[in-house]
Amino acid sequence: MAKRSIFDTINKKFRRTSVGKMFSGYQQLREANYISSHFSTYLEPVLAVDDALRESVYKIRHNVYCDELAFEPVKESGLETDEFDAYSRHCMIRHIGTQQMAGTVRAVRPLQNDQLLPIEKYCRSSITRNDLSPDNFKRHEVCEISRLAVPKYFRRRRSDDFDGSATGAINPVTYSETELRCFPFIAVGLYFAAAASALEFGVKHAYVMMEPRLARSMGYVGIKFQQIGPVVDYHGKRAPYYINRPLLEGSLKPGFASMLNEIRLSLREQIPAMPEEREEYLRQFIKD
């Protein structure tokens with residue numbers, strides 16, 4: 001333990017030096033390029049364009065939010081839904097090799113004045129940056145990214161003991177080492193999918209309630225969420241965050257900017273399959 005403590009201390013001191021920071025930055029850049037270049041080989045974004053896909057979304061959410069985390073009550077239907085789903089765009093990440101859905105997220109996108117964002121209904125008082133309040137913008141220009149859920153099966157690492165499918169572990173025989181390195185970035189892919197769908201639908205201002213720790217980790221890839229209020233107790237310690245297109249595109253590392261663009265192009269091909277979006281999509285396309 002003493003030796004490990006000494007090495008840890010030396011390592012921490014090295015990281016604080018200019019050379020250490022440069023080396024750390026180089027490692028992060030390599031990892032970013034590695035993950036972004038391999039992401040589309042193993043994973044793909046999917047828009048929930050029909051009832052069957054939306055049901056898959058609600059099942060994943062029930063497994064995570066009801067069965068695992070107990071944030072919501074268990075429902076006999078096995079589907080976790082709420083009032084905001086009626087005006088949300090749901091995205092998923094699918095593992096190409098097995099065709100299993102590896103996670104889901106939604107962009108709540110109000111179009112009418114009586115349609116609220118979840119943050120407006122439940123955490124409005126937590127927003128202290130009045131200049132960035134959703135009230136300042138047109139309804140169709142705002143969205144909230146919420147209900148991000150990644151099943152246990154895609155959250156386990158190779159280093160975990162494999163106890164079988166009942167524990168949700170990843171069988172190392174089934175997945176390659178490269179795939180296992182990409183799985184921790186499923187959440188990043190989901191945020192990118194939500195951002196890409198928002199951009200395609202003409203949304204200019206996005207909000208999210210999340211743990212500050214997650215916001216800091218998103219900074220690793222260059223997603224610079226702006227905190228607009230204090231930490232509150234809402235399904236754990238969370239704070240309100242804001243992001244817009246300049247903040248998103250202006251800080252992404254090159255590898256992840258390429259990844260976002262690929263996801264956006266993939267989703268663009270799927271948008272015309274959404275009956276409620278087809279006419280709006282064509283109008284935007286003609287303007288371009």
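**Exercise 1. Classify Y122 by accessibility and describe its ring pair with F84.**

Step 1. Y122 has a relative accessible area of 47% and is therefore partly exposed, where buried means under 20% relative accessible area, exposed over 50%, and partly exposed in between (1.4 Å probe, protein chains only). The model is predicted: local features need pLDDT of at least 70, side-chain atom pairs count only at pLDDT 80 or more, and totals for chains, interfaces and linings use all residues. Residues are numbered from 1 along each chain as its sequence is written, and side-chain values use heavy atoms, with hydrogens and water left out.

Step 2. F84, at 2% relative accessibility, counts as buried.

Step 3. Rings of Phe, Tyr and Trp (its six-membered ring) pair if their centres lie within 6.5 Å; planes under 30 degrees apart count as stacked, over 60 as edge-to-face and the rest as tilted. The ring centres of F84 and Y122 are 6.3 Å apart and their planes stand at 75 degrees, so the pair is edge-to-face.

Step 4. This pair links distant parts of the chain, 38 residues apart: F84 belongs to the loop between α3 (51-68) and β2 (88-95), and Y122 to helix α4 (residues 118-122). Helices (H or I, at least four residues) and strands (E, at least two) are DSSP runs, numbered from the N terminus.

Step 5. Ring pairs join F84, Y87, Y122 and Y234 into a cluster.

**Exercise 2. State how many aromatic pairs the structure holds, and characterise the one formed by Y65 and F71.**

Step 1. There are eight aromatic pairs in the structure. The pair of Y65 and F71 is tilted, with 6.2 Å centre to centre and 55 degrees between the planes.

Step 2. Y65 is buried at a relative accessible area of 10%, whereas F71 is partly exposed at 27%.

Step 3. R147 lies over the face of Y65, 4.9 Å from the ring centre; a charge sits over a ring if NZ of Lys or CZ of Arg is within 6 Å of the ring centre and within 35 degrees of the ring normal.

**Exercise 3. Determine how many disulfides the structure holds and examine C91.**

Step 1. A disulfide is a pair of cysteine sulfur atoms within 2.5 Å. The structure holds zero disulfides.

Step 2. The closest cysteine sulfur to that of C91 is in C143, at 10.0 Å, too far for a bond. C91 is buried, with a relative accessible area of 1%.

**Exercise 4. Identify which residues lie nearest the centre of the largest cavity, and which elements line it.**

Step 1. On a 1 Å grid over the protein atoms alone, a cavity is a set of points where a 1.4 Å probe fits but cannot get out; lining residues have an atom within 4 Å of a point.

Step 2. The whole structure contains two cavities of 30 Å³ or more. The largest cavity holds about 180 Å³ of space.

Step 3. The lining of the largest cavity comprises 18 residues, of which A195, A206, I243, N244 and L248 lie nearest its centre.

Step 4. At least two lining residues each come from β4, α6 (186-200), β5 (205-210), β8 (237-244) and α8 (245-251). The largest share, six residues, comes from α6.

Notes:
On a 1 Å grid over the protein atoms alone, a cavity is a set of points where a 1.4 Å probe fits but cannot get out, and a pocket is an open set with protein on both sides within 12 Å along at least five of seven lines; lining residues have an atom within 4 Å of a point. Grid points are joined across faces, edges and corners, and a volume is the space filled by probe spheres set on the points.
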